[in-house]
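Here is a short briefing for a first look. Keep the sequence and the 3D view open while you read.

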Amino acid sequence: MRGLQLRRGLLVLLLLGTLSAVVNAAGVTSAERAGRNQRRGGGGGGGSVEKRRRFHRIQHGQCSYTFILPELDACQGGGPQSHTEQYGSSRSAGASVVQRDAPPIDNEWSAQKLQHLETAMENNTQWLQKLENFIKKSMKPEMVQIQTHAVHNQTATMLEIGTNLLTHTAEQTRKLNVVEAKVLNHTSRIEIQLLENSLSTNKLEKELLLQTSEISQLRDKNRWGRGGILCICFFTSCLSHLSLLQLHVFRTQMAAIESLEKQLRVASSNNTALQKQQAQLMESVHTLINMSTNMDFSCSSAWCWKITKLSVKIFLYNDLSLKVYCDMDTSGGGWTVFQRRINGSLDFQRTWTEYKMGFGDVSGEHWLGNEQVYQLTSQGQYSLRVELRDWEGSSAYSQYDRFTLASERQQYRLYLRGYSGTAGKQSSLATHGTGFSTRDQDNDNCDHCKCALMLTGGWWFDACGLSNLNGMYYAVGHNIRKLNGIKWHHFRGPSYSLRSTAMMVRPYDF
């Protein structure tokens with residue numbers, strides 16, 4: 001900055017030198033003009049000379065330069081003079097008047113002076129340009145240094161910000177690692193507890209089997225003890241009919257009765273032990289029942305217990321008693337049926353609450369209930385199978401490896417994955433989380449319509465969609481060109497109403 005101020009001072013000094021040279025030239029010109037005016041005007045006052053002077057002002061930046069120009073009117077006002085008078089007047093003017101060999105004409109003399117001034121100005125302008133270029137060249141390193149310093153400062157600032165971000169990221173990573181470790185520890189503890197519960201359950205099952213076998217053995221002994229009691233009663237009833245003649249026979253039989261009484265006492269003691277074992281067994285059974293209150297009892301469990309003769313069972317889960325229809329024949333069995341249409345005897349044009357709680361008879365046409373299906377399938381992963389039959393006797397099915405039904409708060413949305421089957425190359429049922437709709441609660445994806453009113457029934461309509469198994473039931477001959485019937489688009493088209501349908505679920509790992 002000091003170098004810059006020094007250069008600016010040199011520039012000011014140069015401008016002042018140029019101004020002084022111009023002023024000196026103007027002074028000489030003014031002196032000569034004053035001499036000629038005195039010769040022509042004959043001693044006129046100085047005020048008239050000052051009034052005839054002309055000024056030329058130049059503004060350069062913040063500086064202003066004023067130049068006094070020669071006046072030609074005064075030179076042309078008087079008449080022509082002789083060369084002798086001009087020379088005489090020149091000598092009397094003093095040392096300030098410039099003497100020439102031959103006095104020129106006034107116009108030529110003024111033109112030469114102006115040219116001289118212009119030449120001096122051009123030279124000064126060139127010197128000023130050179131000085132300006134020199135200053136610019138000298139300032140370039142300083143500007144580069146200033147820019148470099150600014151870049152260094154910005155780089156340091158960015159490095160500091162980056163360091164702070166890295167520190168913050170490292171701290172967040174450390175916290176996430178701590179949380180992850182806690183979650184893993186908690187998960188490990190839960191797994192250990194589940195393993196301990198499984199081991200204790202297996203142990204209780206083994207004890208239950210042992211106690212069951214002991215109970216069977218005790219029942220056999222109990223039958224023998226009851227036979228002895230009957231024999232005693234028989235012999236005591238015969239005592240009243242014995243005669244004295246048969247007294248020796250009676251004594252012999254009394255000895256046998258005494259031996260039987262001893263055996264009876266032994267059997268009674270065994271019965272006491274049996275009662276204690278029965279009490280312990282009942283306590284174990286109650287313990288197992290309490291432990292299994294949260295377990296899932298479904299048709300798959302019935303299949304595991306080899307219950308295949310009866311298709312209607314009552315199961316308990318989450319303190320809810322539920323009567324369901326079990327299909328033990330289709331594709332290996334173990335299916336819990338939650339929708340069934342067979343003859344049109346049941347009206348499926350129901351409200352949201354009725355579809356939530358279910359309606360119909362599980363041995364015939366029915367809808368098990370959205371809430372029941374949600375409670376049943378929320379315990380694990382389930383698969384869905386849809387059985388279809390038309391009026392010509394053809395049957396088909398659609399199966400989904402993953403079946404998930406959301407809660408009522410989420411509009412019982414349906415999520416499906418892993419389609420296969422013979423009812424079309426692709427699914428006719430929406431698989432991406434469509435809400436359930438009824439005539440009094442519209443959750444479909446159609447902006448300008450209500451699919452439940454147009455197509456009837458309650459269903460996962462999406463934008464009215466490709467299927468509706470809860471539509472109107474149409475008998476044979478009236479089932480063609482019915483858009484609001486029981487339809488499955490990729491099986492028999494969009495306007496064919498089917499004869500019978502069934503929807504069923506079972507665990508995925510069955």
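## Disulfides, a strand and aromatic rings

Two disulfides are present in the structure. The model is a predicted one. The points below start with those links, then turn to a strand, a serine and the aromatic rings.

**Disulfides**

- A disulfide is a covalent bond that links the sulfur atoms of two cysteines.
- C451 and C464 make one such link, with 2.1 Å between their sulfur atoms. C451 belongs to helix α10 (residues 451–455), while C464 sits in the loop between α10 and β12 (467–468), so the bond ties together parts that are 13 residues apart in sequence.
- The link of C451 and C464 is left-handed, at -90 degrees about the S-S bond.
- C451 has a relative accessibility of 0%, so it counts as buried. C464 is buried too, at 13% relative accessible area.
- C446 is joined to C449 by a disulfide, S to S 1.8 Å. The link of C446 and C449 is right-handed, with 125 degrees about the S-S bond.
- C449 counts as buried, because its relative accessibility is 18% and the cut-off for buried is under 20%.

**Strand β5**

- Strand β5 covers residues 335–341. Seven of its seven residues are buried, so the strand is largely enclosed by the rest of the structure.
- β5 runs antiparallel to strand β14 (residues 500–507), and five bridges join the two. T336 has V505 as its bridge partner in β14.
- β5 also runs antiparallel to strand β7 (residues 366–367), through two bridges. There, Q339 is the bridge partner of W367.

**S427**

- S427 lies in the loop between β10 (414–421) and β11 (432–434).
- Is S427 buried or exposed? It counts as buried, with 18% relative accessibility.
- The side chain of S427 makes a polar contact of 2.6 Å with the side chain of Y400. It also reaches the backbone oxygen of L429, at 2.8 Å.
- Leaving aside residues up to four places away in sequence, S427 touches Y400, Y419, L466 and H490.

**Aromatic rings**

- The structure contains 14 aromatic pairs.
- One aromatic cluster is formed by F338, F348, W352, Y355, F359, W367, F403, Y412, F436, W459 and W460.
- F348, a member of that cluster, has the charged end of R341 over its ring, 4.0 Å from the centre.
- R385 lies over the face of Y397, 3.9 Å from the ring centre.

Technical notes. Residues numbered from 1 in each chain as written. Predicted model: local features only at pLDDT ≥ 70, side-chain atom pairs only at ≥ 80, totals over all residues. Heavy atoms only, no water. Phe/Tyr/Trp six-rings, centres within 6.5 Å; stacked < 30°, edge-to-face > 60°. Lys NZ or Arg CZ within 6 Å of the ring centre and 35° of its normal. Helix = DSSP H or I, 4+ residues; strand = E, 2+ residues; numbered from the N terminus. Buried < 20%, exposed > 50% of the residue type's maximum accessible area, 1.4 Å probe, protein only. Polar contact = N/O pair within 3.5 Å; in protein donor to acceptor, adjacent residues only side chain to side chain. Contact = heavy atoms within 4.5 Å. Pairing = 2+ DSSP bridges. Disulfide = S-S within 2.5 Å.
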